[in-house]
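Thanks for asking me to look this one over with you. Here are my notes, written for someone meeting the structure for the first time.

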Amino acid sequence: MLSAPDGPRRPDAWQRAAATVADVVELSVVGSLSAPPLPGLPFAGRDPRRPGRYEIEAAHRERGRPAAGTAGRVAAVLRFAGAEGGAVDVLHAHAPGAAGQLPWLSGAAGIPYVLSEHDRRWLGHPSRPLPGVLDRRRAARLYREAAAVLPVSDALLARIGELGLPGRHLLVPHPVDTGALPHVPARARISQDPVRIVAAGPLVADEGWDVLVDAFAEALGEDPRLRLRIIGDGPGAGAVEDHLRRSGAGGAAVLTGDLDRGQTLHALAHADLFADPRHVIGFGTTALDALCCGTPVVGTRTGALPELVGGDAGILVPPADPRALARALVEAAAELPLRQPAALAARTRRHFGPQAVGARLATVYTEASGRA
């Protein structure tokens, strides 16, 4: 499994899913090593606590060959790992991230590759324009040479088909690392209880956070029990804070800054609703975490949210529609006494846990290795 700094947000979840069906060697391309270097390979290190996890320091860009230097280092580590534990049969990489190195690396090592596609740019939105002609050509080559391309959502699967990108496209959703999830707390509500809404994600301008603030202020006028906590940081944090001050929500809405994964999971598990107002996402990993904690989602129809949210799992609305989002928040708050958090959590963990996603990967890996 090959990843890079701008690869998947949750590499451990993918590693655990793959490990249910295969022996996994995890290769991470990094800016600088944090693990002890390997003998004879000063640019690579291995985690002493997890011998199957390697780090490869990215090579400096070479004129005309930006990827080959790093890919050569990865190939050297593959040979090292193969000498110790047996030959590697399939490379599984993630786009964006390590994907640009794959054709050279696959050819040099003689190993087929599969590619998980997370890139939300393919979905198209003014805040995230579609890739240009050169990027599409690079993607077409990458897809064409892959044993399989694995979009993480139905929306991405449909979109790359509509754009005429080549290759064999198979849906394999983002897994959740169920071992990292907290227990689902018991929820006993009375009608006067505050309704705790959590939103979390990178705070970037023009991605829908202003829509959430406007929607919450409107919803608060109808249901004064509502409370909003936004978890996150980023270049748009100041604008979100200013918008909160001007919204009239007062102390009912707060921006608490970034939290680590454990703290975020705790907040999600003790929330009543999770809100995701973003205009376009590739999958929706935090929404998946919320559902795995038994917390319904109020969000927009983008990424994998239409696949994740259905029935008693929440309410979806069109992107960039604060009035629709406000109505959904009020409606979801009113429906809380009817929901069954433990059942929601159990169902979501079962459908997106390592075993379920690993079963899909088993088919992909078997077919890819047969093409070697």
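1. Let's begin at Leu-41. Apart from its neighbours within four places in sequence, Leu-41 is in contact with Ala-76, Val-77 and Phe-80. Please keep in mind as you read that this is a predicted model.

2. Leu-41 belongs to the largest nonpolar core, a group of 80 residues. Leu-41 is listed there among the residues with the most contacts inside the core, together with Val-77, Val-114, Tyr-143, Phe-274, Leu-308 and Leu-361. Which helix gives the most to this core? Helix α2, spanning residues 68–85, does, with eight residues. As background, nonpolar side chains tend to be buried together in soluble globular proteins.

3. There is also a second, separate core, and this one has 35 residues. Among them are Val-240, Ala-253, Ala-326 and Ala-332.

4. Val-240 leads us to helix α7, which covers residues 237–247. The buried residues here are Ala-237, Val-240, His-243 and Leu-244. These lie on the same side of α7 because they cover an arc of only 125 degrees around the axis. Ala-239, Arg-245 and Arg-246 are exposed, on the other side of the helix.

5. What covers the buried residues of α7? The cover includes helix α6 (209–222) and the strands β10 (226–231) and β11 (253–257). Just after α7 comes Gly-248, with a positive phi of about 85 degrees.

6. Gly-110 follows α3, and its phi is positive, near 70 degrees.

7. Finally, please visit His-174, in the loop between α5 (154–162) and β9 (195–200). Is His-174 buried or exposed? Its relative accessibility is 2%, so His-174 counts as buried, the cut-off being under 20%.

8. What surrounds His-174? Leaving out neighbours within four places in sequence, His-174 is in contact with Arg-10, Ala-13, Trp-14, His-118, Val-152, Phe-283, Thr-285, Leu-288 and Phe-352. With Trp-14 there is also a polar contact, made between the two side chains at 3.3 Å.

Notes. Residues numbered from 1 in each chain as written. Heavy atoms only, no water. Helix = DSSP H or I, 4+ residues; strand = E, 2+ residues; numbered from the N terminus. Buried < 20%, exposed > 50% of the residue type's maximum accessible area, 1.4 Å probe, protein only. Polar contact = N/O pair within 3.5 Å; in protein donor to acceptor, adjacent residues only side chain to side chain. Contact = heavy atoms within 4.5 Å. Arc of directions from axis to C-beta. Core = buried A, V, L, I, M, F, W, Y, C linked by side-chain atoms within 4.5 Å.
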